[in-house]
Amino acid sequence: LNKVEEKELTPLQEALSQLIRRLQRKDPSAFFSFPMTDLIAPGYSTIIKRPMDFGAMKEKVKNEYYESPEELKVDFRIMCENAMIYNKPETIYHKAARKLLLSGMKILRPERLESLRQSIE
Ligand SMILES: COc1ccc(C(=O)NC2CCC2)cc1-c1cc(C(C)=O)n2cccnc12
């Protein structure tokens, strides 16, 4: 039987995965779980230059792309801002993005990321 490689997560990967779990709880409708397609959002790929979603963030954690929690924060902010650019202010998606950004910035506030970085140095 071929043994499935059980890859140990690094402390940074553990910490980033936990942050994403906490952020995703603020998106109960899962509007931000999967990438946008031009099918559900016409013209999306021409308007939004840097698409981002929680799935892509998890993939980047798995591939050890992020070197710090601040890099994850940049992608989180881009994800929310994309939705506030593409969707008009009165839409449920624009409102959900603004709310998610506000609660996410509390979870990702600088002093918390600072102490997190120190704890895994
Ligand atoms: C992964 O993206 C989605 C997944 C599911 C849904 C969804 O359940 N929409 C139903 C609530 C009213 C139809 C919406 C979205 C969605 C997110 C977004 C974002 C984030 O811009 N969006 C924009 C236009 C149309 N649909 C969406």
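Guide: Gladly! Let us begin with Arg22, which is called partly exposed because its relative accessibility is 28%. Buried means under 20% relative accessible area and exposed over 50%, with partly exposed in between (1.4 Å probe, protein chains only).

Visitor: Before we go on, what kind of model is this?

Guide: This is a predicted model, in which local features need pLDDT of at least 70 and side-chain atom pairs count only at pLDDT 80 or more, while totals for chains, interfaces and linings use all residues. Residues are numbered from 1 along each chain as its sequence is written, and side-chain values use heavy atoms, with hydrogens and water left out.

Visitor: Where is Arg22, and what does Arg22 touch?

Guide: Arg22 sits in helix α1. Helices (H or I, at least four residues) and strands (E, at least two) are DSSP runs, numbered from the N terminus. Setting aside neighbours within four places in sequence, Arg22 is in contact with Ile107 and Arg112, where contact means heavy atoms within 4.5 Å.

Visitor: How many helices and strands does the protein chain have?

Guide: There are 6 helices and 0 strands, so by the DSSP rule the pattern along the sequence reads α-α-α-α-α-α. Of the 121 residues in the protein chain, 38% are buried.

Visitor: Why is Gln13 called buried?

Guide: Gln13 has a relative accessible area of 6%, so it falls in the buried class. This residue of helix α1 touches Glu8, Val61, Lys62 and Glu64, not counting residues up to four places away in sequence. The side chain of Gln13 also reaches the backbone nitrogen of Thr10 at 2.9 Å.

Visitor: What makes the link between Ser33 and Gln24 a polar contact?

Guide: A polar contact is a pair of N or O atoms within 3.5 Å; within protein, one must be able to donate a hydrogen and the other to accept it, and residues adjacent in sequence count only if both atoms are side-chain atoms. The side chains of Ser33 and Gln24 are joined at 3.4 Å, so the distance meets that limit. Ser33 lies in the loop between α1 and α2 (44-47), and is called buried because its relative accessible area is 11%.

Visitor: What makes a group of residues a nonpolar core?

Guide: A nonpolar core is a set of buried Ala, Val, Leu, Ile, Met, Phe, Trp, Tyr and Cys residues joined through side-chain atoms within 4.5 Å. The largest one here has 26 residues, of which Leu19, Phe54, Met57, Phe76 and Met79 touch the most other members. At least two residues of this core come from each of α1 (11-24), α3 (54-62), α4 (69-86), α5 (92-107) and α6 (110-120).

Visitor: How do you describe the way α4 and α6 pack?

Guide: Two packed helices are described by the angle between their axes and the distance between the axes. For α4 and α6, the angle is about 145 degrees and the axes are 10 Å apart. Axes are lines fitted to C-alpha atoms, for helices over the stretch in contact, and angles run from 0 to 180 degrees between N-to-C directions. Here Pro69, Glu70 and Lys73 in α4 meet Pro110, Leu113, Leu116 and Arg117 in α6.

Visitor: Which residues are around the ligand?

Guide: They are Phe31, Phe32, Phe34, Met36, Ile40, Asn87, Ile92 and Tyr93; a residue is near a molecule or strand if one of its heavy atoms lies within 4 Å of it. An N or O atom in the side chain of Asn87 is 2.9 Å from an oxygen atom of the ligand. A polar side-chain atom of Tyr93 lies 3.1 Å from a nitrogen atom of the ligand, and a backbone N or O atom of Phe31 lies 3.3 Å from an oxygen atom of the ligand.
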